[in-house]
Amino acid sequence: MHSFINNLPKAELHIHIEGSLEPELMFQLAQRNQIELPFNSVEEIRSAYNFSNLQTFLDIYYQGANVLQHEQDFYDMTMAYLLRCKEESVIHSELFFDPQTHTDRGIEIGTVISGIDRALQDAKTQWGMSSGLILCFLRHLSADAAMDTLEQALPYKDKLIGVGLDSSELGHPPEKFTAVFERALAEGLLTVAHAGEEGPADYIWQALDLLKVSRIDHGVRCIEDETLVQRLIDEQIPLTVCPQSNLKLCVVDAMSQHNILQLMDRGVLVTTNSDDPAYFGGYLNKNYTALVDSLDMTSEQAVQLARNSFAASFVSDDIKADFNRRMDDYLTAHKL
Ligand code: ADE
Ligand code: ZN
């Protein structure tokens, strides 16, 4: 079953590229850029990765991003993730990045976008990797700062597919960002938002009705509102769920209690994703196999999750059909 999953064609729709920065590369970049890290070894970094909620993770995650200074650093981080996708049969990925984490340290937004985009283009040329880039606003910062960030990004609009909303959820409801999302939509960008990870179901309603999102990131707390679950089913609004992240950030007490398969069985368009793989102990396949190990996920359910990831992606219908054909070929080869 694990090897069936490892080779299963799939898409990833919820990965923060800064969350793919492994301690080894963090250390290497710190040395290359002569930046002091508050850790003496890779092991020390890894042992600091014990989180009790979203904020305890974010504090360490933003600190780790300080080693990223030059265009080549963003390239190296992104290419390391894309090579992992190649190994794990991830044929398409829509990546988040947090420009404010870098521009607030004096790094040009163009440096960030060019480094990430160059890696995406190289992966496309080298092995046909399909991808898209989504700019996330940090919700703990002001709405004005988000608008300013969008304006700085507009010259690079052709390299983006959409905008999103991440960082500390509680106390920073989607409604705070209505104006900047309206502007992004007017510029032809799609919208997504983290909602219902730690925050209440009401934040999911706000993301849908005020930010006009095409997908909800996480969304697992929708289960607390039956009317909302029914809407997600009726309108087939995708949720990009991240099981291993939910476990590590104590959104669930145990993987065996995760509601992802329950939501899928009810008809919600759920997908599985890694969120911040370097911090949560695994890339996309680990998130699939965790569901096999703790929730007895069947191969049919794994295939459904992968097909959902194609359906929920922001590619054209033609490309979706191509992804599904690749899945059909894989299943035929496995006599399924
Ligand atoms: N930024 C990176 N990972 C995140 C998460 N799981 N929730 C909110 N913001 C994030
Ligand atoms: Zn996330």
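**Reading the shell around ligand 1**

Helix α4, residues 54–64, gives the most to the shell around ligand 1, with four residues; a helix here is a DSSP run of H or I, at least four residues, numbered from the N terminus.

Student: Which residues surround ligand 1?

Tutor: This is a predicted model, in which local features need pLDDT of at least 70 and side-chain atom pairs count only at pLDDT 80 or more, while totals for chains, interfaces and linings use all residues. Residues are numbered from 1 along each chain, ligands are numbered from 1 in the order written, and side-chain values use heavy atoms, without hydrogens and water. A residue is near a molecule if one of its heavy atoms lies within 4 Å of it, and here ligand 1 is surrounded by H16, L54, F57, L58, Y61, D166, S167, H194, E197, H218, D275 and D276.

Student: Which side chains have a polar atom facing a nitrogen atom of ligand 1, and at what distance?

Tutor: A polar contact is a pair of N or O atoms within 3.5 Å. For E197 the distance to a nitrogen atom of ligand 1 is 2.8 Å, whereas for H16 it is 3.4 Å, and for H218 it is 3.4 Å. The protein covers 100% of the 260 Å² of accessible area that ligand 1 has on its own, by the Shrake-Rupley method with a 1.4 Å probe.

Methods: Polar contact = N/O pair within 3.5 Å; in protein donor to acceptor, adjacent residues only side chain to side chain. Helix = DSSP H or I, 4+ residues; strand = E, 2+ residues; numbered from the N terminus.
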